[in-house]
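Reader: I am new to this structure and would like a close look at one part of it. Could you take me through how a pair of neighbouring helices is arranged, and then what surrounds them?

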Amino acid sequence: MPLFDWPLERLVRYRPPRREPSDFDRFWQTSLKDAAGHNLDVTLRSWHGHLTLVDVFDVEFSGFSGDRIRAWLLLPKHRTAPLPGVIQFVGYGGGRGIPYEWLSYSNAGYAHLVMDNRGQGGGGSITAVTPDTAHSPIGPSAPGFLTRGIDDPDNHYYRRLIVDASRAVDALASLPEIDAARIAVVGASQGGGLSLAVGALRPHLAAVLTDVPFLCDFPRAVTITDAGPYAEVADFLRGDRSAVERTLDTLSYFDATNFAARATAPARFTVGLMDRVCPPSTVYAAHNHYTAAKQLVVYPFNGHEGGGQYDLPGKLDALREAFGG
């Protein structure tokens, strides 16, 4: 799988102009305010799966428009409260899966909340259980989620999912076992894009760990790769030829480069230079616009898998530094 994007010396300088709506901040302030009008109502039910070192709970909390969002909470069995917390956002098409898939962070001594993706996870190995309730009429879209509600940012799928992700911070912080001042967000691909969004919307996070992030630099992403999910936008515009500007305008409300420009927490990025799903230049766009302390780990011969589990020691080092040991 050869390099298909720019050479590294150009990538490190790539900082494109941001396509940012004039009401970007007001849009998100209003979205979060509307969600805050619903009781968070966090519930936990014990889940028994013969694990001896971890306590697992089936969690629900109120996300966008009060919709009930599911999650797993994994806590070290032998713990001293309050614990630092790690919130995991999951990749495109997946969901919270089963707890056995998420044992690393709790075994490192952290509370670990794994948020489900509303309406996703209908196939593959990491499944979801949270439905997506559309509260407004949704117009035509291409298969997938990127163009669902593309006619209006208020109706767009990612408005709902990003608000859910922000509310997950409230849900974890509300628990007595958690040190609300030491919460980090992590995720790869779509989960990485959500981490960047939440890092901007929740300014008091301890760290943002984002691997091969999706949702970055839409104007370039949708023209450089024919891989999904970005290809969904090209598929949509191939049919609706008059909707190019309107589509890019809507997507600009969810572009992680705009969130990166509002960052306050230290961040650790990863990128695969052979990644056709989330092209390296789009990751560099978000990284180079990121306004807080940051580092970027480069995997020259990897695609969208990035560092995979080989990158976990680096993440644990970053969390240890962010949490103060």
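Author: In this predicted model, helices H7 and H8 run roughly antiparallel to each other, because the angle at which they pack is about 150° and angles over 145 degrees count as roughly antiparallel. Their axes lie 10 Å apart, and the crossing of the two helices is right-handed. On the side of H7, the contact is made by Val233, Phe236 and Leu237, while H8 contributes Val244, Arg246, Thr247 and Leu251.

Turning to H8 itself, which spans residues 244-252, the buried residues are Thr247, Leu248, Thr250, Leu251 and Ser252.

As for the cysteines, the structure holds zero disulfides. Cys216 is in no disulfide, and the nearest cysteine sulfur to its own belongs to Cys278, 7.1 Å away. Seen from the other partner, the closest cysteine sulfur to that of Cys278 is the one in Cys216, and the separation of 7.1 Å is too far for a bond, since a disulfide requires the sulfur atoms to be within 2.5 Å. Cys216 counts as buried, at 0% relative accessibility, and Cys278 is buried too, with a relative accessible area of 1%.

Definitions and conventions. Residues numbered from 1 in each chain as written. Predicted model: local features only at pLDDT ≥ 70, side-chain atom pairs only at ≥ 80, totals over all residues. Heavy atoms only, no water. Buried < 20%, exposed > 50% of the residue type's maximum accessible area, 1.4 Å probe, protein only. Helix = DSSP H or I, 4+ residues; strand = E, 2+ residues; numbered from the N terminus. Axes fitted to C-alpha atoms, helices over the stretch in contact; angles between N-to-C directions. Parallel < 35°, antiparallel > 145°, perpendicular 65-115°, else oblique. Left-handed = near helix turned anticlockwise from the far one by under 90°. Contact = heavy atoms within 4.5 Å.
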